[in-house]
Amino acid sequence: MSSIAQTDRLIIRNWIPERDAESAFRIYSDPEVTRFLMTKTNSVEDAVKLLERWVMLSTQLNGGGFWAIVNQENQEILGTIILIPLRDEVEQWTQDYEIGWHLKQSAWGNGYATQAARAILDYGFNTLKLPTIYSVARPENTASIRVIQRLEMIPIGRTSKYYKMELEMFKLGKLT
């Protein structure tokens, strides 16, 4: 089990499709969690396929990826954190990396998204040597926007350049 980062409360690690599929299904079958996401699952089998796709894509992303956020104390999977290239209007990867997160409802409001994101920002800047990391959120996704603001990402306006929808876009450059 490969760990990408660790905080005082969290382990960020690669997904293990067969072992983690039940947890992923519970997250991505919840309509409240997926309200602003394109990612949804209808069965544990769907979740296995989703995680297998994420693991495969992660091997192609030069260190970026889709990772499980795990509670250190009880090993419970709390959600997903991503550091991946943004996709343009025709679904092609761009040079611009985005950070994002999806957490199950019981994990909301505990600071896990902010803590995991800070660890992955550190990984992106210091390990991958990315000069800038972006984040995008639907304008009505106020919870994610609050996390983005806590990360001190700079708002750069609305865009329809990614994911075929209008999104609020933010950026953060490596602090020297």
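Helices and strands here are DSSP runs, numbered from the N terminus. The model shown in these views is predicted.

**View 1. The aromatic pair of W15 and W54.**
The structure holds four aromatic pairs. In one of them, the ring centres of W15 and W54 are 6.3 Å apart and the planes meet at 50°, so the pair is tilted. This angle falls between the limits of 30 degrees for stacked and 60 for edge-to-face. W15 sits in the loop between β2 (10-14) and α1 (17-28), while W54 belongs to helix α2 (residues 44-58). The pair thus links distant parts of the chain, 39 residues apart. Both W15 and W54 are buried.

**View 2. The aromatic pair of W54 and F66.**
W54 also pairs with F66, and this pair is stacked, with 5.0 Å from centre to centre and 10° between the planes. Because W54 lies in helix α2 and F66 in strand β3 (residues 65-71), the pair ties together parts that are twelve residues apart in sequence. F66 is buried, as is W54. Ring pairs join W54 and F66 with W15 and Y28 in a cluster.

S58 is a residue of helix α2. Its relative accessible area is 13%, so S58 is buried, the limit being 20%. The S58 side chain reaches the backbone nitrogen of F66 at 3.1 Å. With neighbours within four places in sequence left aside, the residues in contact with S58 are G64, G65 and F66. F66 is also the ring partner of W54 in the stacked pair.

**View 3. N62 in the loop between α2 and β3.**
N62 is found in the loop that runs between α2 and β3. The phi of N62 is near 50°, a positive value in a residue that is not glycine. N62 has a relative accessibility of 68% and therefore counts as exposed, for which the value must be over 50%.

**View 4. K164 in the loop between β7 and β8.**
The loop that holds K164 lies between β7 (154-159) and β8 (167-173). K164 is not a glycine, yet its phi is positive, at about 55°. With a relative accessible area of 61%, K164 is exposed.

**View 5. R87 over the ring of W93.**
R87 lies over the face of W93. The distance from R87 to the ring centre of W93 is 4.2 Å.

Definitions and conventions: Residues numbered from 1 in each chain as written. Predicted model: local features only at pLDDT ≥ 70, side-chain atom pairs only at ≥ 80, totals over all residues. Heavy atoms only, no water. Phe/Tyr/Trp six-rings, centres within 6.5 Å; stacked < 30°, edge-to-face > 60°. Helix = DSSP H or I, 4+ residues; strand = E, 2+ residues; numbered from the N terminus. Buried < 20%, exposed > 50% of the residue type's maximum accessible area, 1.4 Å probe, protein only. Lys NZ or Arg CZ within 6 Å of the ring centre and 35° of its normal. Polar contact = N/O pair within 3.5 Å; in protein donor to acceptor, adjacent residues only side chain to side chain. Contact = heavy atoms within 4.5 Å.
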